[in-house]
Amino acid sequence: MMALVASSAAGLFGQDGGLRDRERALTASRRVAEDLRKARLRYGPFYLLSSIELSDIGYDQQFFVPTTDQTAGLSFGVSAPQRLYYVPTKKTIFSVEAVPQYFQFRRVLDRRNFGFRGRADAQFLLNHLYADAYAMRNRGVRAETGEIARLVYIDVSEEGLTGEFKYSSRTSLTYSAVLRSAEHPNIEVQPNDLPVSLLDRSSHDYRVGLFHRTFPLTSLIGAAEVANYSFSNAVYKNSRRTYLGTGLSFNNGRSTFRLEAGPARLDFRRPDQLDFQGVLGTSSWTRTLPHRWALQAAVNRDVDFSLYANNNYYVVNRAGISAGHNVSRTLEIHGGTSFGDDRYDVPTATDRGLVKRRDQVSFTSVGWLYRVRRLSGGFDVGYYTRSSNVEELDENGIRLIVKLSFTP
């Protein structure tokens with residue numbers, strides 16, 4: 001990560017100081033306009049987006065590694081996203097999204113393998129201010145790629161306010177305030193060897209971010225976060241998370257780079273619990289090459305709540321790189337690799353004595369995607385590994401991923 005910072009900083013002062021970005025439009029307004037252009041049906045102020053998608057469960061996540069349930073047998077999810085926009089004026093936009101889902105994997109199938117995601121938004125696009133008040137409910141199967149490494153059934157509800165204040169073409173402030181609750185219902189599809197209900201919790205999350213285009217192609221970033229967690233089945237995990245970050249964002253048309261990092265704390269309410277203090281951050285890089293090639297890379301470091309042996313938390317390290325090539329207008333080939341490393345601060349008793357747990361997981365794959373009119377489909381094939389220095393978790397094998405989507 002430090003090498004990435006150094007290489008980006010070296011190019012800052014070589015940029016032409018006579019060029020300035022004159023784009024005053026809010027980021028959200030451009031995103032909404034793109035959605036409305038994709039609408040298949042329109043009637044007056046109403047716009048409808050509709051599609052049907054089939055893919056491996058969890059494949060849309062930035063960091064994808066198959067879980068234990070997905071390394072053998074059949075594992076896929078089918079969803080039918082439907083989004084309706086109502087645009088009474090250019091400044092006011094209302095939307096409702098409904099996504100029925102069906103999941104199939106190795107375990108016994110029953111009616112509880114159905115899921116649903118719903119969301120309602122009220123968006124206001126003023127001259128310099130964007131505000132999105134929303135409510136969301138998401139109930140269904142999700143791939144937990146961390147220490148659980150299983151498919152879990154989770155019920156998440158969320159209400160929040162997010163937005164952006166654009167002071168000028170060079171300076172903007174983003175903000176969010178989110179109330180969230182997550183529960184793991186006690187049903188058949190839950191892992192029977194892990195007490196996942198200990199992770200049931202509610203949280204209040206707040207974040208502000210400042211962006212200033214200091215150089216023609218580069219913005220400096222400042223961010224602050226505060227979150228409070230309350231656990232219904234494990235009150236000793238009640239805690240408060242704080243984070244202060246700084247970084248930069250670079251975009252010259254062909255390459256984009258973003259880095260944000262800073263000190264963070266996870267303080268537990270009970271004084272006898274071990275707190276976390278360290279540096280967290282995230283970085284991403286994309287590059288468009290000649291002959292229709294594209295490269296992507298990402299590195300993330302975060303902290304998450306744990307179920308294991310007196311460890312209330314574990315440090316999450318993730319990295320991935322991928323490459324894609326558009327062979328033609330309809331055919332894309334791609335490949336990539338993902339790596340994860342989870343580390344624990346409280347030692348675990350083993351036959352070798354006290355050992356700090358460390359789990360590692362990786363997935364390397366290649367595949368293709370074919371698009372024709374409103375239909376796209378393809379598959380990836382890859383090799384999956386997972387290991388631990390504490391438990392017998394050594395797993396490896398070949399995994400096939402199927403992807404299919406249709407837009408009516």
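Where pLDDT is low, the predicted coordinates should not be read in detail.

This is a predicted model, in which local features need pLDDT of at least 70 and side-chain atom pairs count only at pLDDT 80 or more, while totals for chains, interfaces and linings use all residues. Residues are numbered from 1 along each chain as its sequence is written, and side-chain values use heavy atoms, with hydrogens and water left out.

The chain averages a pLDDT of 85, with 87% of the residues scoring at least 70; the mean is lowest, at 34, in helix 1 (residues 2–10), and highest, at 97, in strand 14 (residues 255–268), where helices (H or I, at least four residues) and strands (E, at least two) are DSSP runs numbered from the N terminus.

Turning to the pocket: on a 1 Å grid over the protein atoms alone, a pocket is an open set of points with protein on both sides within 12 Å along at least five of seven lines, a cavity is a set where a 1.4 Å probe fits but cannot get out, and lining residues have an atom within 4 Å of a point. The largest pocket has a volume of about 1,800 Å³, volume being the space filled by probe spheres set on the points, which are joined across faces, edges and corners. Of its 45 lining residues, Arg 180, Arg 201, Asp 302, Val 303 and Asp 304 lie nearest the centre, and strand 16 (residues 293–305) gives the largest share, 6 residues.

Finally, the whole structure holds 1 cavity of 30 Å³ or more, with about 40 Å³ of space, and its lining includes Glu 144, Tyr 384 and Arg 386.

Terms used:
pLDDT = per-residue confidence, 0-100.
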